[in-house]
Amino acid sequence: MRLSCLEKPRGLVQRFRFAYMRALAGRVPPPILTLSYRRDLCGKHLALCYREGLGKPRAWSRAEIEIFAAFVSSLNRCLF
């Protein structure tokens with residue numbers, strides 16, 4: 001389920017970024033939509049958590065993590 005409010009950019013910079021992504025990829029990826037919504041309230045803090053969690057050394061390579069994420073997404077019938 002996707003909220004329609006996520007699709008509407010808030011502010012001039014976000015409009016430009018969304019238009020750029022739509023021109024390149026045809027759509028704005030859902031994770032970016034989620035992190036962009038009310039960025040001052042939640043998005044920037046959540047992005048920092050993701051960056052910290054994904055930036056640390058780990059036993060799996062980046063490719064293995066991507067394959068695992070794609071597998072889980074397919075089980076959940078998610079289009080990532």
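The stops below begin with the overall fold and then turn to selected side chains.

**Before selecting.** This is a predicted model, in which local features need pLDDT of at least 70 and side-chain atom pairs count only at pLDDT 80 or more, whereas totals for chains, interfaces and linings use all residues. Residues are numbered from 1 along each chain as its sequence is written, and side-chain values use heavy atoms, with hydrogens and water left out.

**The whole chain.** Helices (H or I, at least four residues) and strands (E, at least two) are DSSP runs, numbered from the N terminus. The C-alpha atoms fill a box of roughly 40 × 25 × 25 Å along the principal axes. Of the 80 residues, 15% count as buried (under 20% relative accessible area; exposed is over 50%, partly exposed in between; 1.4 Å probe, protein chains only).

**Colour by confidence.** The predictor's confidence in each residue, pLDDT, runs from 0 to 100. Its mean over the chain is 80, and 94% of the residues reach 70 or more. Helix α1 (residues 12-25) has the highest mean, 88, and helix α3 (residues 39-55) the lowest, 76.

**Select residues 16 and 20.** Rings of Phe, Tyr and Trp (its six-membered ring) pair if their centres lie within 6.5 Å; planes under 30 degrees apart count as stacked, over 60 as edge-to-face and the rest as tilted. The two residues are separated by about one helical turn because they lie four residues apart in helix α1. Both phenylalanine 16 and tyrosine 20 are exposed.

**Select residues 60 and 68.** The ring planes of tryptophan 60 and phenylalanine 68 meet at 65°, with centres 5.4 Å apart, so this pair is edge-to-face. Tryptophan 60 is partly exposed at 46% relative accessible area, as is phenylalanine 68 at 45%.

**Select residue 36.** Serine 36 belongs to helix α2 (residues 30-36). Is serine 36 buried or exposed? Its relative accessible area is 17%, so serine 36 is buried. Neighbours within four places in sequence aside, serine 36 contacts Gln14 and Phe18 (heavy atoms within 4.5 Å).

**Finish just after α4.** Arginine 77 takes a positive phi of about 55° here.
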